[in-house]
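Biologist: Can you walk me through this model? Keep it quick, please.

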Amino acid sequence: STPVATFCALLRAARMGMLIKGGNVLESLGEIRIAAFDKTGTITRGEFSISAFSVLGDKVELSQLLYWVSSIESKSNHPMAAALVEYSQSKCIQPKPENVTEFRIYHGEGIYGAIDGKEIYIGNERVLARSSCHHQTDDGLSNKGVSTTTGHVICDGDLVGVFSLSDDCRTGAAEAIRQLRSMGIKSVLLTGDSAAAAKHAQEQLGGVLEELHAGLLPEDKVRLVRGLKARAGPTLMVGDGMNDAPALAAADVGVSMGLSGSAAAIETSHAALMSSDVLRVPRAVRLGRRARRTVA
Ligand code: ADP
Ligand code: MG
């Protein structure tokens with residue numbers, strides 16, 4: 001494309017709220033064959049709400065547990081953390097992050113914190129294994145079909161709490177994926193969240209996704225993006241989290257979810273949405289296709 005035509009197309013993209021980092025990215029957008037979407041914060045709003053929180057056994061009381069959980073989660077910027085802190089506050093429990101003496105993040109799993117001499121893990125099934133917890137009691141929550149994601153709280157090796165949370169899909173997500181499909185571009189879901197949560201999102205979207213891949217670590221997302229490139233051709237990846245950054249970089253075009261996204265995602269992406277409107281993705285592909293046609 002001529003420099004002027006490219007410049008005009010980039011300007012048009014910017015006007016519709018998408019920052020495309022150069023003419024080569026615009027051209028790649030026009031060649032996309034398959035799109036991979038992160039779930040939390042990309043397809044969904046990333047605003048969790050707690051639908052149930054239960055104490056298991058008689059080792060701790062609910063108020064004590066909520067104080068530990070909210071204090072440790074105060075140190076995390078995961079969307080689930082905000083929901084847990086808010087939930088605790090709604091039960092009149094104030095988090096005290098200053099009492100947390102140790103804190104670690106396990107990407108794709110959850111978090112670890114030490115507080116009041118207790119060692120606490122919070123997260124998905126993977127964290128159970130890491131904490132060498134003997135998961136003997138079935139909480140019953142994960143099988144009710146009401147929960148989209150189940151979280152676990154392990155204190156000194158014992159499973160002492162379970163909670164379920166849900167997160168709604170963004171308006172426009174289903175429409176964006178339908179538009180891509182009408183353009184011959186299939187969409188797949190890549191998530192660190194559970195298979196149940198992935199299925200729930202698919203149901204909310206009316207089954208528009210071609211494939212669901214759940215329980216992924218950041219490196220699994222990279223491996224899957226590489227696999228899509230080999231199998232289907234030029235691949236687009238849309239994500240927002242710090243854990244999406246490597247997969248965004250591995251894609252032919254990595255798109256970060258604007259200002260709600262992590263700094264790492266915005267930096268490694270080839271294009272950034274200035275707001276969380278996923279409908280801008282098919283729009284950008286159309287712009288890329290038009291730019292390519294201008295060349296030919
Ligand atoms: P996603 O791809 O869905 O953004 P992440 O890799 O951020 O996933 O997280 C994967 C899973 O790890 C989450 O679905 C959740 O179960 C667990 N997890 C991560 N961070 C936290 C946290 N701060 N508190 C509780 N659970 C967490
Ligand atoms: Mg995310």
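**The open sheet and beyond**

Modeller: Let's begin with a sheet. It is open, has 6 strands in the order 3-8-7-6-5-4, and its pairing is antiparallel. Strands (E, at least two residues) and helices (H or I, at least four) are DSSP runs, numbered from the N terminus. Two strands pair if DSSP finds at least two bridges between them.

Biologist: Which strands stand at the edges?

Modeller: Strand 3 (49-55) and strand 4 (100-106). Each has a single partner strand, so one side of each is left without a neighbour in the sheet. On average, neighbouring strands of this sheet are turned by 15° against each other, direction ignored.

Biologist: What packs on the sheet?

Modeller: Helix 5 (residues 79-90) does, touching strand 3, strand 7 and strand 8. Its direction makes about 65° with that of strand 3. Axes are lines fitted to C-alpha atoms, for helices over the stretch in contact, and angles run from 0 to 180 degrees between N-to-C directions. Contact means C-beta atoms, placed from the backbone, within 7 Å.

Biologist: Before I go on, is this predicted or experimental, and how is it numbered?

Modeller: This is a predicted model: local features need pLDDT of at least 70, side-chain atom pairs count only at pLDDT 80 or more, and totals for chains, interfaces and linings use all residues. Residues are numbered from 1 along each chain as its sequence is written, while chains are lettered from A and ligands numbered from 1 in the order in which they are written.

Biologist: New topic. Which residues come nearest to ligand 1?

Modeller: Thr 40, His 78, Asn 124, Gly 192 and Asp 193, out of 23 residues around ligand 1. Near means a C-beta atom, placed from the backbone, within 6 Å. Among the elements giving two or more residues to that shell are helix 3 (39-43) and helix 5.

Biologist: How do the shell residues divide?

Modeller: Into 4 nonpolar, 14 polar and 5 charged. Ala, Val, Leu, Ile, Met, Phe, Trp, Tyr, Cys and Pro count as nonpolar, Asp, Glu, Lys and Arg as charged, and the others, Gly among them, as polar.

Biologist: And strand 2: buried or exposed?

Modeller: In strand 2 (residues 34-38), 5 of the 5 residues are buried, so it is largely enclosed by the rest of the structure. Buried means 20 or more other C-beta atoms within 10 Å of the residue's own, exposed 12 or fewer, partly exposed in between, with C-beta atoms placed from the backbone.

Biologist: What are its bridges like?

Modeller: Strand 2 pairs with strand 9 (residues 186-190) in the parallel sense over 5 bridges. Another 4 bridges join strand 2 to strand 11 (residues 235-239), also parallel.

Definitions and conventions: Two residues are in contact if their C-beta atoms, placed from the backbone, lie within 7 Å.
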